[in-house]
Amino acid sequence: MKPMEGIKVVELSTMLAGPMTARILAEWGADVIKVESMNGDAWRKQAGTTLSPCTKDANPNFDMQNLNKRFVSLNMRTPEGSEAMMKLLATADVLVTNYRVQALEPMGLTYEQLKEKFPRLIHASVLGYGEKGPEKDRPGYDYTVFFSRTGLMADLAPAGGPPLVPVGGIGDHSVAVALSGGIAAALYKRSVTGKGDKVDVSLLQAGTFILCTGLLNGFNGRKLPRDRYDCGHAGSNTYQGSDGEWFYLAVIDYRRFPEFCEVIGMPEIATDPRFSTSEAYYKNREELTKIFDKKFMEQPVSYWHELLDKHDLPHEILYHFKDVPYDPQVQANHYTYFHEYSDGTKTVFANGPVHFGSIDPAAIPCNTSGPIGCDNNEVLKELGYTDDDIKAMREAGNIK
C-alpha cells in the first residue's frame, strides 16, 4: 500500500506550484482529480518556456506538473458546474488550490466557506505573499515573489553584473514540497481528531525559509552581492579548469588545509604565514583564491576531479542542466527517467522528491495528461451522474 492510497485530492489550480503539489500526492498514491476551467490550465500552452515540444498527444512541459492525475473540466460560473464541484468535494479528503481568495469567494470555495460544510476536508492553498498584510491580494509568481522579493535574484548574482537569470519552477516546486508535507501532517491530525484543517504555503514564506542563511548574512552586515574574491574562504569557492569548465571546492574544515595543499602540489602554501593559521587563512582569502585560480588553470576539471576524489576531498563539478538527466548517479536512484509518447515525442521527467519503501522508484507510473476534461464522464459517473445527465451538462456548456 502506498502512503496516500485511499486519499482523494481535488486540485483546482494552474501553472506550477499547486499542480506540482498534487502531482507529488499522486505519486504517493492519492487519487488526484484536476479540475480545470472550460479553457483549461494556462500552463497547457506554455511549452515554449522550456523549449518543449507540444503536439496533439504530447505536452511534456504540462505533464511535468500533472502526471498521474484525472482531468475534469467544469464551468464554475453555472449552478450545475458549481454543484458538480461541491459533489466532488463531498467525496474528497484534500482540496489543493492556488486561486486567490478573491477568486475562490464567488465560487464558495474559501476555507471559511467550506469548513462547516466539509469538516473533514484539508483545504490546502498556495499563496503569493501570505495570508495577511497589505500585499496579501497581489498576484505572485515564482520570478516575482520567490526570486525577486527574497533577495535571491539581486544578491546571488555576481557583484557588478546584472541580476541572476532564473529558470522557472524553483520557488514553485519548493512550495510544492512544503505544502505536500503540510497536507500529510494535516491528514495525520485528522486521523486522530476527525477534523480537517487549513494548510497554506506562500512563495514569500518558502523563499524566506529556504534562503534563511542568506538573510542571516544580510542581517549581520555582509555586503551583497559579492564576487568570488569576497568568499567565506578560499577552500570553499568555485574554480575554473584549463578546459573552461568549473568545479566547486568544498574543503570546509581548515584542519584538512595542509593535506589539500599537499595533494595539489603546493605544500608550501600551508606553511606560508599568510595562510598558516585559521585567522590568516580567512583574512587573506582573496589572495589565496587568486593563487588557486592560477593553479587550477593548469589542468582540466576532470583532472582535478579525479585527483580530489582519490583523496576524498569534497568538491563537485558544475554540471549543466542538459547533462543531469544522464548522470549515472541520478539514474541509479531513479531521480529522472525518459519517456516516449505514442507519437514518438521524447522527453525526460523528474520523479518526486521523496522515496518510500512501499513505492518502487523504478516503477512509478507515468500517466500523462489528455485533453481538457478527458475524464469528465468517468469522474461524473462516480458522483452519480447518468449518461443522460452528462450529455445534458455538456450540451448546456456546464462541462467540456
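## Terms and model

Helices (H or I, at least four residues) and strands (E, at least two) are DSSP runs, numbered from the N terminus. With that in hand, let's walk through this predicted model.

## The parallel sheet

An open sheet is built from 6 strands with parallel pairing, and their order is S3-S2-S1-S4-S5-S6. Strand S3 (70-73) and strand S6 (197-202) are its edges, each pairing on one side only. On average, neighbouring strands are turned by 20° against each other, direction ignored.

Within this sheet, strand S4 (residues 94-97) and strand S5 (residues 122-127) run parallel and are joined by 4 bridges. Here Leu95 has His123 of S5 standing opposite. Packing on the sheet is helix H8 (residues 170-193), which touches S4, S5 and S6. The direction of H8 makes about 165° with that of S6.

## A cis peptide bond

Most residues other than glycine have a negative phi, and most peptide bonds are trans. The bond joining Leu224 and Pro225, however, is cis, with omega about 0°. You will find Pro225 in the loop between helix H10 (212-219) and strand S7 (236-240).

## Two positive phi values

Leu51 is not a glycine, yet its phi is positive, at about 60°. Its place is the loop between strand S2 (31-36) and helix H2 (60-66). Leu51 counts as exposed because its relative accessibility is 79%, and exposed means over 50%.

His334 also belongs under this heading: its phi is positive, near 60°, in a residue other than glycine. The loop that holds His334 runs between helix H16 (328-332) and strand S10 (336-340). With 28% relative accessibility, His334 counts as partly exposed.

How values were computed:
Residues are numbered from 1 along each chain as its sequence is written. This is a predicted model: local features need pLDDT of at least 70, side-chain atom pairs count only at pLDDT 80 or more; totals for chains, interfaces and linings use all residues. Side-chain values use heavy atoms; hydrogens and water are left out. Two strands pair if DSSP finds at least two bridges between them. Axes are lines fitted to C-alpha atoms, for helices over the stretch in contact, and angles run from 0 to 180 degrees between N-to-C directions. Contact means heavy atoms within 4.5 Å. Buried means under 20% relative accessible area, exposed over 50%, partly exposed in between (1.4 Å probe, protein chains only).
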